[in-house]
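Please find below a colleague's note on the model under review.

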Amino acid sequence: MREFHLTLDSVDGHPLAATVYEPLRRPIAAVQISSATGVPQRYYRPYAEFLASQGFAVLTYDYRGIGGSRFHGAHPGQLTMRNWGARDYASILQYLHQRYPHLPLLAVGHSVGGQLLGLAPNNHLLTAAVGIAAQSGYWGHWPLRLRPRMIALWHLLIPALLALKGKIPAGVMGDELPAGVAREWARWCRHPDFITNARGEPLRQHFEGYRGRLRLYAITDDTLYAPLPAVTALAAMYRNADIEVRALKPSDYGLTRLGHFGFFRSAMPQSAWQQTADWLRSAITPQLSRAA
């Protein structure tokens with residue numbers, strides 16, 4: 001496997017830190033891995049290396065304002081969650097299209113990484129995508145016993161931290177979050193339509209424009225971050241995709257707990273990773289057959 005690090009420019013010039021993992025043989029496809037909110041790309045290295053061992057070229061990256069993509073010259077208005085999808089996700093996808101022009105393009109998104117697919121105007125370049133614990137963040141999708149906690153988070157805690165600190169400190173929601181990202185995220189999670197513009201109008205153009213295959217995994221013990229109703233609500237936003245929602249149970253892999261972050265940890269049984277690799281391979285089989 002070859003590994004190299006690079007800095008790419010988003011469409012508005014914001015620098016994005018990225019890492020590419022390539023198999024020694026010709027790759028069968030290229031995979032873009034998009035992180036959960038506040039999670040640096042290095043967290044996904046074990047999974048990226050596994051996919052590379054399966055014959056995929058893989059790219060991980062940090063969204064603007066996160067990890068290696070912090071840029072102190074950025075205008076505050078550039079640091080929004082919407083730009084993570086419409087600009088950063090889209091720019092990484094365009095890079096893969098240019099670097100691997102004859103290969104199928106695939107995506108794996110963790111949590112928000114599965115949402116940002118629907119904001120990228122060029123998501124038609126993808127053949128298929130997998131979402132791990134990717135969900136609509138609207139608090140009304142949570143179990144009744146957790147709704148007071150989610151309401152307090154989005155209506156009280158996040159606004160209070162932004163007022164006091166001007167950002168969300170590291171450790172609250174993963175890595176430190178810029179104010180614009182956190183403010184927009186909280187606004188989305190307070191709204192029944194979730195991802196909306198500043199006027200509260202749903203942003204659905206590119207969600208509905210995605211017509212590839214999409215498999216969303218709901219982790220059965222992830223009730224705090226991505227309960228099943230929230231995952232199925234996100235699935236409904238991709239109304240024209242060839243979509244399926246699958247439950248992923250920790251007990252199926254000999255685990256007592258998995259939660260929101262366990263899937264990508266190095267201790268995760270590789271049989272679970274193999275399941276996603278096999279599905280991604282099956283999604284591109286028609287293209288590989290035509291190229292043979």
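**Notes on a buried asparagine and an enclosed strand**

1. Asparagine 122 is located in the loop that connects α3 (112-116) with β6 (126-132). Helices (H or I, at least four residues) and strands (E, at least two) are DSSP runs, numbered from the N terminus. The model is predicted: local features need pLDDT of at least 70 and side-chain atom pairs pLDDT 80 or more, while totals for chains, interfaces and linings use all residues. Residues are numbered from 1 along each chain as its sequence is written, and side-chain values use heavy atoms, without hydrogens and water.

2. Asparagine 122 has a relative accessible area of 10% and is therefore buried (under 20% relative accessible area, with exposed over 50% and partly exposed in between; 1.4 Å probe, protein chains only). Its side chain reaches the backbone oxygen of alanine 90 at 3.0 Å. Leaving aside residues up to four places away in sequence, asparagine 122 touches Ala90, Leu93 and Gln94 (heavy atoms within 4.5 Å).

3. Strand β4 (residues 56-61) is largely enclosed by the rest of the structure, because six of its six residues are buried. In a regular strand, side chains alternate between the two faces of the sheet. In β4 both faces are covered, with Phe56, Val58 and Thr60 buried on one side and Ala57, Leu59 and Tyr61 buried on the other.

4. β4 pairs with strand β2 (residues 15-22) in the antiparallel sense over four bridges (pairing requires at least two DSSP bridges between two strands). Within β4, valine 58 is the bridge partner of tyrosine 21.

5. Strand β3 (residues 29-34) runs parallel to β4 and is joined to β4 by five bridges; glutamine 32 has leucine 59 of β4 as its bridge partner.

Definitions and conventions. A polar contact is a pair of N or O atoms within 3.5 Å; within protein, one must be able to donate a hydrogen and the other to accept it, and residues adjacent in sequence count only if both atoms are side-chain atoms.
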